[in-house]
Amino acid sequence: MMPLSARQKQVANRALARFLIRFAVLSLFTLLAEPAFAYVGESLLNWTASYIVAPLGLIAIVVALAASVWRPDLVRSAIYAAIICAVLFFLIQQGNTIMNALQH
């Protein structure tokens, strides 16, 4: 390896200094920033509750009503599905409260 010239050493030192300043600033912001969500995945779970679980529960209720006319044996399964969707929706929507209770 060839020795570095004075100019190359200056450039290398400046690059290192820039990196260290950026690293220090990012580290400081990371340590001082508060988390935006109460727990990891909160926004994904809220989206799932709104756009997947709730419509599935409504569909299960409609299936239960339709099945009561033509196939009464399907009513019980559809009602169970609606109850499970309601419980999941409640748990997801109350996630902040549950996580706070578990943390304290």
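These are my notebook entries on a few things I looked up in this predicted model.

**Ground rules.** I number residues from 1 along each chain as its sequence is written, and my side-chain values use heavy atoms, with hydrogens and water left out. As the model is predicted, local features need pLDDT of at least 70 and side-chain atom pairs count only at pLDDT 80 or more, while totals for chains, interfaces and linings use all residues.

**Aromatic pairs.** I began with the rings. A pair of aromatic rings is described by the distance of the centres and the angle of the planes. My rule was that rings of Phe, Tyr and Trp (its six-membered ring) pair if their centres lie within 6.5 Å; planes under 30 degrees apart count as stacked, over 60 as edge-to-face and the rest as tilted. Searching the whole structure gave me two aromatic pairs. The Phe19 and Phe23 rings have centres 6.1 Å apart and planes at 20°, so I logged this pair as stacked. Both residues sit in helix H1 (residues 6–32), four residues apart, about one turn of the helix. For helices I took DSSP runs (H or I, at least four residues), numbered from the N terminus.

The other pair is Trp47 with Tyr51: the centres are 5.8 Å apart and the planes at 40°, so this one is tilted. These two are also four residues apart, in helix H2 (residues 42–70), and about one helical turn separates them. A handy reminder: an α-helix has 3.6 residues a turn, so residues three or four places apart point the same way.

Trp47 is partly exposed at 45%, and Tyr51 is exposed at 58%.

**Helix H3.** Next I turned to H3, which has 19 residues. From first C-alpha to last, H3 reaches 27 Å, close to the 27 Å expected at 1.5 Å a residue (the expected span is 1.5 Å times one less than the number of residues). I listed its buried residues as Val75, Ala78, Ala82, Cys85 and Ile92. Seen down the axis of H3, they fall within an arc of 125°, so they line one face of the helix; the arc is that of the directions from the helix axis to the C-beta atoms. On the face turned away from that buried side I found the exposed residues Arg76, Ile84 and Phe90.

**Nonpolar patch.** Ile79, Tyr80, Ile83, Val87, Phe90, Leu91, Ile98 and Leu102 make a nonpolar surface patch of about 780 Å². Helices H3 (75–93) and H4 (95–103) are the elements that give two or more residues to this patch, and H3 gives the most, with six. Val87, in H3, is partly exposed at 44%.

**Salt bridge.** How many salt bridges does a search of the whole structure find? I got one, taking a side-chain nitrogen of Lys or Arg within 4 Å of a carboxyl oxygen of Asp or Glu. The partners are Arg71 and Asp73, with the closest N and O atoms 3.2 Å apart. Arg71 is partly exposed, at 45% relative accessible area.

**Two distances.** Val53, in H2, is buried at 9%. Its C-alpha is 37 Å from that of Phe29, 24 residues away along the chain. Val11, in H1, is partly exposed at 42%. Between Val11 and Ala82 I noted 71 residues in sequence and 66 Å in space, C-alpha to C-alpha.

Conventions: Buried < 20%, exposed > 50% of the residue type's maximum accessible area, 1.4 Å probe, protein only. Patch = residues over 30% accessible without salt bridge, like charges linked within 9 Å, V, L, I, M, F, W, Y side chains within 5 Å. Areas by Shrake-Rupley, 256 points an atom, 1.4 Å probe, with all protein chains shown as cover.
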